[in-house]
Structures are given as C-alpha cells and as structure tokens.
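Welcome! Here is a short briefing to read alongside the sequence and the 3D view.

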Amino acid sequence: MKFLLFLAAALSAFALDFPMSLAVAPDGHMLVLSGGAKPSISVVNGAEIPLPDAWLGLTFAPNGKMVYAGGAARGVVYEFAYAQGELKLAREMKAGDFTGDVALSPDGHLVYAADLFANAIVVINPQSGRVIDRFKTGRRPYRILFHPDGRSYFVSSWADASVYQYNTVNGQEIGRIRMGSHPTDMALSSYVPESEGPSGLSAKYRLFVAAANTNEVFVVGIGDNKTMNVMETIHVAAAQLSPLGMTPSALALSADQKHLYVACSDADAVASVDVSDVRGVVEGFLPAGAYPAAVRITGDRVWVANARGNTVDVLGETFRPVVDTPPLDLAAAEHVIYVVRDAQPGPLMRAIGGLATDYTVKLGRRPNFDIADPANIPPAGYLWTNALAAGLSVRNYGVFVRDGKSIDPAARAFTKPDASAFAEDLKQFDSSGMMPRLILVQISGDEALASLKSAVAKSRFASKTEIVVGDLRRVEALLGLHPMTRKD
C-alpha cells in the first residue's frame, strides 16, 4: 500500500524519459513504457505511473484486462490491471537479473520474459506469480514472438546476428537462422503473396526482422514444418550503396498486413514499405522525432515513440527524402592525429565508429553498462578498421582502452595504454623520418592537448600533419576514406 501511495503522489512530477515501447489496448488507447532515468508507464496523454526501473517489454494479456511490463535491472515483471483507459499496478513477479522483453503465450496462461544478460527466457505462471521454467537462448535475447499455434516462439538475438525458434514446453531449439547484425524487433504476417518461383514463398508465414546494424529488414519464410528461410531483404536506405546507419530497429504491420512500417532510428524517420507483393517496396520515409524506437498502429494512424525526443506522436502522411551526407572535399593530409576527448559511451562510439550502436543508445546510460559487450560492435567497425582496410598505418594512444589494452582485439598490436607514450614515440618518428598516417590519442584536458600541439609543431612533421579534435568526418576526408556510416 505504501508503494501505491508513493506512485499516486509522484505522478505529476514525471514526464516521458526515453520511451522504448508502445502497446495498443483493445479499446484503442495507446500505452507507452519509458526506460530512461525516470522509468514509467502510462496511457498516452494520461497520467504516468513511475516505476523503480523499466526498459523494453510491454504487452497486453489476450483478454485485454492485464498489462505486463519488464522491470529491467529490478529483475521483475510488473502486472497491471487495465480498464477504461486506466492502469493500476497489481504486483511484481520476480523474473531474473535484467528483464527485457515480455510476451504472453497465445492462451494467456504463461508469461515469457527475456533475462537479457543471462541469455535466457524465464517462464512465469501468472496465477502463482512464480518462475516455473528457465530456458537458455542466444546471446542478448531482444524480442520474444510466439508462433500463432502457441507451440513455439521466436527470439531475436541481439549479439548473435540470428533468430532462434524454441519449443514452448521445454525450450528446446527447433531452428535458427543467421541474418544481419543486431536483429531486434520482429513482426509475423500470415499474408504471403503468391509466387511462381521456388524462392521459399510456399511459406505459411512471413517473419519480418529488423537488423539494426544494417540498412535492411530481413523477410523469413516460416513453413508448415517450421523451417526458416530468408525470402528477401528489404533495403531501407537512400541508395543500395549508402553508408550504414539507418538503424532499422522497430516494426509494425498494418491491419491488412500489406504495409510494413520500419522505425529507422538514426535517420529520425519511419519507412513505409509495401509488402503486398513478392518483393517489398519502400514507398517513402515519414518524418519522426529524435530516434524513433517503437511503432504501433491503431486504425489508420501510425504511432511512434521517439526515444531521444521523449515524445509519442502520430505520423503524418507526407514523405520526405532521406539523403546521404556528401563527403567533405578536403585535400589529403600526409598524417592525421585524431584527438578523442569524451570517453562516455555514446560520444566515444560516435567518435570512433561513426554512430552509437542501438545497444549503446538503449543501455549506455545505465550504471553497469559494458562498452565491450559482444552486442556493442558498431555496424562498420571502427575508424582503424576503415584505415587498415585502406592500407594505412595506424597507432593508437589510449583510445578505447581498458586495463592497458585495446577493447577491440584487432587494434591491440598498435595500441599503447595512454597518451603519455606519444611524446616519446614522436621523438622516434622524428629520428626515423617515418610516422603513421593515422594516430589516435585520448586526451581530456586542455593543457595536455596544448602540449601535444606544441610537440607536433616542433617536429619535422609539423607542416605535413593535421590535428583534428573530435571530428570523424574530417579525419575520413583528410585520409581519403569512404564514410563508414551516416553522420547527419
């Protein structure tokens, strides 16, 4: 009772903070779950209920009277009673260490919850509120989606570039299929267009899978015997050769299942895709707020939750172009020293990888975030990945380093623990007359940066070297590298 009184007293103090999930009530109301520093659940345009923690999972029971939400680091599943546009917290059910997505079996008898960092699916009996089973899954289970027959369920593995299918009763793996990196949201369609070819279109269902570290949505055919085959990939970018960075991360199907809406998070847009025929066709991009993270449909309205914008909006009907930013036109530099100043997860990943991965964006503000998690590799690798592929020599002083070693194993051979080693190495470069084309240095203080600039100015490389602070696009242009990712 004390907890409920606290909730009632705190309602007026809360506003959306990183909305992650939407759910449609039987009466047409839209629910939103926020997973930021001030987690909460609410009916859109209604009162918010603050929560101890929350993140991704949000779903209605089949009867529409109960709502279930994942409790993130609190390790619980929240159960809410729902009626006439109002939510009331009923109880918390212990689930695991970090509860991500939540799904109910089609008959509504069991709750399945993803224990994200334990790589497991937890099964809860809502009558007793207790865990009755625990099944292993792929690394970082993101989304849980039941097969319509209720005998199996699909799990997208954030870190394994795969979707798995498991037996509902015993958790046994039925099948798996590899696809693009960072598979996140899934949508299942019973509408399968007829085809004269042998391309797997005899499937009974189509499973749409957003792969956030690509520019693609993968379409998987599910056969009568539950075989899985990739039928096609839908490219949601300005052009086929566009840099990575559209970040398709959330999906919604229209009522007739002939249109698919794809939240392209890093483009701040939702792609409208005609999936009524054998090949999906991107019709255009609908403007959204900052970092759309969830999409749902009620009637003829498309709703989007904008995680960074902290808003839930109805999309308009006017398409806008999504264009690639042209590369900077700069004369090549013989040597580039790239100074990285911010070591916080988001800015650091943008500085060395072109953008912060969806994993960093969605979890990076949490206290126990691990930047070295296997689900956090950026879509096109790192700056040094790009440079090495172009045949450039590279040296790194303290950037993306933990315990004196590069977090990326591919960079360890040319990485030193911190910037202090640069001054001594510069003397060796001066003596030999040879210096790497690209040097990365982690520097936070103004005095240390001034010292570096002074040392370079006194070296034999002064006139041949560009020092760039925190501008990855400029570094790529000076080295003649193609941009790894979009940087709008």
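Three strands make up an open sheet with the order S25-S26-S27, and their pairing is antiparallel. The edge strands are S25 (292–298) and S27 (311–314), each of which pairs on one side only. From one strand to the next, the twist averages 20°. Please keep in mind as you explore that this is a predicted model.

- Strand S26, covering residues 301–306, pairs with S27 in the antiparallel sense over four bridges.
- To find one of the pairings by eye, look for Trp303, whose bridge partner in S27 is Val314.

**A four-stranded sheet**

- Another open sheet has four strands in the order S17-S18-S19-S20, again with antiparallel pairing.
- Strand S17 (183–189) and strand S20 (228–235) are at the edges with a single partner strand each, so one side of each has no neighbour in the sheet.
- The twist here averages 25° from one strand to the next.
- S17 pairs with strand S18 (residues 205–211) in the antiparallel sense, over five bridges.
- Within this pair, Met186 stands opposite Val209 of S18.

**The nonpolar cores**

- The largest nonpolar core holds 48 residues, and those touching the most other members are Trp55, Tyr338, Ile352, Trp384, Phe400 and Leu438.
- At least two residues of this core come from each of these elements: strand S28 (335–340), helix H2 (345–353), helix H3 (358–363), helix H4 (383–389), strand S33 (438–442) and helix H7 (472–479).
- A second, separate core has 23 residues, including Phe208, Met246, Leu251 and Val322.

- The buried residues are Pro345, Gly346, Leu348, Met349, Ala351, Ile352 and Gly353.
- These buried residues pack against S28, H3, H4, S33 and H7.
- Just after H2 comes Gly354, which takes a positive phi of about 95°.

- Ser40 lies in strand S3, which spans residues 40–43.
- Ser40 counts as buried because its relative accessibility is 1%, under the 20% cut-off.
- The side chain of Ser40 makes a polar contact with the side chain of Glu48, at 2.9 Å.
- Ser162 lies in strand S15, which spans residues 162–167.
- With a relative accessibility of 2%, Ser162 also counts as buried.
- The side chain of Ser162 reaches the backbone oxygen of Asp160 at 2.9 Å.
- Leaving out residues up to four places away in sequence, Ser162 touches Val155, Ser156, Ser157, Ile177, Arg178 and Pro183.

**How confident is the prediction?**

- The mean pLDDT of the protein chain is 93, with 95% of its residues reaching 70 or more.
- Over residues 1–13, by contrast, the pLDDT is below 50, and this stretch has 13 contacts in the model beyond near neighbours in sequence.

Key: Residues are numbered from 1 along each chain as its sequence is written. This is a predicted model: local features need pLDDT of at least 70, side-chain atom pairs count only at pLDDT 80 or more; totals for chains, interfaces and linings use all residues. Side-chain values use heavy atoms; hydrogens and water are left out. A nonpolar core is a set of buried Ala, Val, Leu, Ile, Met, Phe, Trp, Tyr and Cys residues joined through side-chain atoms within 4.5 Å. Buried means under 20% relative accessible area, exposed over 50%, partly exposed in between (1.4 Å probe, protein chains only). pLDDT is the predictor's confidence in each residue, from 0 to 100. Contact means heavy atoms within 4.5 Å. A polar contact is a pair of N or O atoms within 3.5 Å; within protein, one must be able to donate a hydrogen and the other to accept it, and residues adjacent in sequence count only if both atoms are side-chain atoms. Two strands pair if DSSP finds at least two bridges between them. Axes are lines fitted to C-alpha atoms, for helices over the stretch in contact, and angles run from 0 to 180 degrees between N-to-C directions.
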